[in-house]
Amino acid sequence: MKKTLSIHIGKQLFTIEEDAYSLLQSYLERLERKFQNEQGKEEIIEDIEYRFAELFASYLQSSRVVVEESDVKQAIDSLGQIEDFEAENETINEESNSKNDHSEKQNFNSTNASGQKRLFRDTDNRILGGVCAGLSHYLGIDVVFVRIIFILCLMLGFGFGLYLVLWIVFPSIKSPADRLQMQGKAVTVDTIKEEFNKAGQRIKNDTKDLDKRIKKHTDKLNAKVNPAIKTLLRVFGVFVLVGTLIYLLFATLITTGILDIIPTTGEEYYISIYEFLQMAVGDQSNLNLIWLGGLMGVFAIGFFWLIIGTRMVTSNYSKALRYGVISMIFLGIIGFSLAAIGGVKTSREFAESNRLEKQSFTVNKEELKIDLLPTFYRSHKVADTDGFDFLNFDKKNFIESGINFKFIESEDSLFHITQYYSSNGVNNKQAGNRAFNINHKVELKENTLLVDPNYTFPIKDAMRRQRVSFTVEIPKGKACYFGKERVILEDEKMSGFLDQDGDDSFEIYNEFE
Amino acid sequence: MFCIVHSFAYICAIQTDKMNIENTQAQMRKGILEFCILSILNSKEAYPSEVLEKLKDAKLIVVEGTLYPLLTRLKNMELLTYRWEESTSGPPRKYYSITEKGNKTLGTLQLTWNELQHAVESLTSK
């Protein structure tokens, strides 16, 4: 069973259920607010009320006598939501603002002074703690003014504390009776009943269209946040673009050889990356693979970031740019794949290694000394190598340094020294040829073995781990000096390394096999 | 990291675009609606629901609530007039019809529409 009311709408009389009535009433209220500034607003409202009457009449027909909530809903569906109406001089943006206004209520003073007015914090209409709203009830000032005053106080300095104190001191609304007292109304049975109804209504209204309100709020948030995000992206975009342009500039300089970045100790000091690859890779077809593939990849990356940066800066997310991005990714993948293939093919050139025995010496003395052979080649020593092997070459040959020594115990009483050349290649024969082309100077003067710290091999052979090494057999009881240090065999073996490092040319170490 | 920033930005951009597009679409509809209403009422008088039906038949979707204010505005601009018709099965209805002034305005709007149509066609047909 439901309570009903009588309404007179569109020159017709209807009996309408209570909840249907509140629904209708809130719709008409919002309607009034929507068109409050419009010239013909009374007429518009009248038209719509007539329309409601017409619709209700058609719904009721013969069988029913009371307008129910579903009827009102149906009528509202037909007429449309207030939010979708267009009032005069309202743009879409303003419309969305007015949609959110309807949830705010003005707090006017209720001067029904038939009761004691008490100061409560009005938590129903609060922004923070309801302090201002409560004060507005008590003082009879519109809440907006109270809030303005508080903001002024805030700026003057004491607003924050004052608000906090009031928040703590004054209680919030806990019952309908409180609400009545706040408004200064008498607390009687009737007023309490009314308050309960109002409370019920409030809950209903608050939960109604919740999903729609949430969407509207997020839309509003988006509208506010989006420009901020846009500008943030623009800034990022600028950084990206600047970085990419610098990257592309360097890439161009380095790849075209205008900027030589490979440090060498040769006459030129620095060579371009292409020349370096030529020497390292050797084989022309592999070189082309690596070079072109690498170029593609490097520049694809550059253009990729260029496009992304442009998109961020101009906020242009058009399809054309999207295709650009995708194609750059593709090019990059293809480019680097090609380079990788070239790399793999080159690595096959290191598959086999071969070692040649170049010459051997026998020394019948009490001690053997190993020292540096003064080299003719005066290399330009670059200041700090940091362990990075600088490229060393002249017109036709690479000049390498770093010779390995293996010290073992001699089976007889004589020193035996053997010099080896070794290299890698795609097969044994090729490796052997490359080893053959190595050139290294070593001289035996009395009991001193003079070793050139450098050795050479032709550039056309490419870098294939060409090495020079020595095996020195030391008889028991006899001494061998590697540089200034005596070689002591541990477990009958020891290793040594000769590098052209100035004072530290000779290094003895124990090789753990 | 750039990919994350980028995708986030992409999504936000799509949101803004959507909103801007809805705005534009609404603006487009708004301008045309008055012209369409005048056209409908040019042939013969009708009450609001009839106008709505004709609009729906032409696949121009409007809510009733938008129609009433518009009709009232056009009436206040003296482009339309109405008369009350009593009805046996319910409340009286307003029958809207076009005025002389409305007729002239309709002519002007028709010319504007033709211009626009021409312009848009030639711009979008490439």
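Please keep in mind throughout that the model is predicted. A:Leu128 sits in the loop that joins helix H4 (92-101) to helix H5 (131-139) of chain A.

Helix H3 of chain A spans residues 69-79, and its buried residues are A:Asp71, A:Val72, A:Ala75, A:Ile76 and A:Leu79. Because these residues cover an arc of only 135° around the axis, they lie on the same side of H3(A).

What do the buried residues of H3(A) pack against? Within chain A, they pack against strand E2 (12-17), helix H1 (18-34), helix H2 (41-60) and strand E3 (66-67). Helix H3 (64-76) of chain B is also among the elements that these buried residues pack against. Just after H3(A) comes A:Gly80, which takes a positive phi of about 105°.

Side chains of opposite charge can pair when their charged atoms come close. Over all chains, a search of the whole structure finds 17 salt bridges. One of them joins B:Lys75 to A:Glu43, with 2.3 Å between the closest N and O atoms. This pair crosses between chains, since B:Lys75 is in helix H3 of chain B and A:Glu43 is in helix H2 of chain A.

Are the two partners buried or exposed? B:Lys75 counts as buried because its relative accessibility is 18%, under the cut-off of 20%. A:Glu43 is buried too, with a relative accessible area of 17%.

In chain A, the side chains of A:Arg64 and A:Glu68 meet at 3.6 Å, N to O. A:Arg64 is partly exposed at a relative accessible area of 28%, and A:Glu68 is partly exposed at 30%. In chain B, B:Arg83 and B:Glu85 form a salt bridge through their side chains, with 2.9 Å from N to O. Here B:Arg83 counts as partly exposed at 35% relative accessibility, and B:Glu85 is partly exposed with a relative accessible area of 30%.

Now let us step back to chain B as a whole. How many helices and strands does chain B have? There are four helices and two strands, and from the N terminus on they run α-α-α-β-β-α. Chain B has 126 residues, of which 37% count as buried. Among the contacts in chain B with a separation of 6 or more, 48% come from residues 24 or more positions apart. The accessible surface of chain B comes to about 7900 Å², and carbon and sulfur atoms account for 60% of this surface.

A:His8 lies in strand E1 (residues 4-9) and is exposed, with a relative accessible area of 63%. A:His8 and A:Glu49 are 41 residues apart in sequence, and their C-alpha atoms are 9.9 Å apart in space.

A:Thr448 has its place in strand E12 (residues 448-458) of chain A. This residue counts as buried because its relative accessibility is 15%. Which residue does the side chain of A:Thr448 meet in a polar contact? The partner is the side chain of A:Asn447, at 3.4 Å. Leaving aside neighbours within four places in sequence, A:Thr448 is in contact with A:Lys369, A:Asp371 and A:Glu443.

Key: Residues numbered from 1 in each chain as written. Chains lettered and ligands numbered in written order. Predicted model: local features only at pLDDT ≥ 70, side-chain atom pairs only at ≥ 80, totals over all residues. Heavy atoms only, no water. Buried < 20%, exposed > 50% of the residue type's maximum accessible area, 1.4 Å probe, protein only. Arc of directions from axis to C-beta. Contact = heavy atoms within 4.5 Å. Salt bridge = Lys/Arg side-chain N within 4 Å of Asp/Glu carboxyl O. Areas by Shrake-Rupley, 256 points an atom, 1.4 Å probe, with all protein chains shown as cover. Polar contact = N/O pair within 3.5 Å; in protein donor to acceptor, adjacent residues only side chain to side chain.
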